[in-house]
Amino acid sequence: MFNVSGTRNLTALSSNSTSSFDSPLKINWTFIPIFLTILTPPTIVLNTTVLLILLTTRSLRTVFNVYIINLLLSDFGVTVSVYSLDIINFLYPRWVLDDQACTAYLYLQSIFHASTLNAHALLGVNRIWAVYFPLHYRQHQIGSMKKAISICIVTFIVINAFVIPGIARDALYFRRPFLSSGTKGGGEFEIGTESRSTVVRQ
């Protein structure tokens, strides 16, 4: 009796899932995709403008501005790659791109959001150092351009070291592609509503 009931429930669940994926996709212009569509272009322009000014003006090539450039690069990465995929993600009720795009989305989102947070942290530590220990800061930080660049690069490498194993593990062991017309990997994935960027389920 239990097996018959369980089989019936699984059949109904499979039927509902199949009908959900077979139904035509409808674009949902909710608040989030509209907001991101409006926000993304001016953010790209402003970030690019400030970045070019800092890179091309010799007098602005200071140690502190290295951390500003690091933050601008992280923001630029978030805006160009993550926000663009976010718009697609929130426009449809399920993931409509292929498996590789899903992996890239998870990686870029994790990397650039973490880079932005760490860039703010580096700026905060730098300012605390300069305010509370000005003599020590001037002695060890002023003129240490290579040191500042190295800190930013090492921080990015450490972030990748933490993020890549989780992304690889998800792609290899926990990714369940939707079966469409008898073929595996039809390129359609349903993103969980609780965590649209990290939960991929059939």
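View 1. The expected span of a helix is 1.5 Å times one less than its number of residues, where helices are DSSP runs (H or I, at least four residues) numbered from the N terminus. In this predicted model, local features need pLDDT of at least 70 and side-chain atom pairs count only at pLDDT 80 or more, whereas totals for chains, interfaces and linings use all residues. Residues are numbered from 1 along each chain as its sequence is written, and side-chain values use heavy atoms, with hydrogens and water left out. Helix H6 comprises 30 residues and reaches 43 Å from its first C-alpha to its last, close to the expected 44 Å. Shortly before the proline Pro165, H6 has a kink of about 30 degrees at Val163; the bend at a residue is the angle between axes fitted to the seven residues ending there and the seven starting there.

**View 2. The buried residues of H6.** Buried means under 20% relative accessible area (1.4 Å probe, protein chains only). Among the buried residues of H6 are Thr155, Asn160 and Asp170. The buried residues of this helix pack against helix H3 (63-91) and H4, a contact being heavy atoms within 4.5 Å.

**View 3. The largest nonpolar core.** A nonpolar core is a set of buried Ala, Val, Leu, Ile, Met, Phe, Trp, Tyr and Cys residues joined through side-chain atoms within 4.5 Å. The largest such core has 10 residues, including Trp95, Tyr105, Ile111 and Val163. Helices H4 (99-132) and H6 (145-174) each give two or more residues to this core, and H4 provides the largest share, 5 residues. Not counting residues up to four places away in sequence, Ile111 touches Phe156, Ile159, Asn160 and Val163. A second, separate core of 9 residues includes Ala119, Leu123, Ala148 and Cys152.

**View 4. Surroundings of Ser115.** Ser115 lies in helix H4 and is buried, with a relative accessible area of 6%. Beyond residues up to four places away in sequence, Ser115 touches Ser74, Phe156 and Ile159.

**View 5. The largest pocket.** On a 1 Å grid over the protein atoms alone, a pocket is an open set of points where a 1.4 Å probe fits, with protein on both sides within 12 Å along at least five of seven lines; lining residues have an atom within 4 Å of a point. The largest pocket has a volume of about 370 Å³, taken as the space filled by probe spheres set on the points. Of its 23 lining residues, Val66, Ile69, Asn70, Leu73 and Cys152 are the closest to the centre. H6 gives the most to this lining, with 7 residues.

Terms used: Buried means under 20% relative accessible area, exposed over 50%, partly exposed in between (1.4 Å probe, protein chains only).
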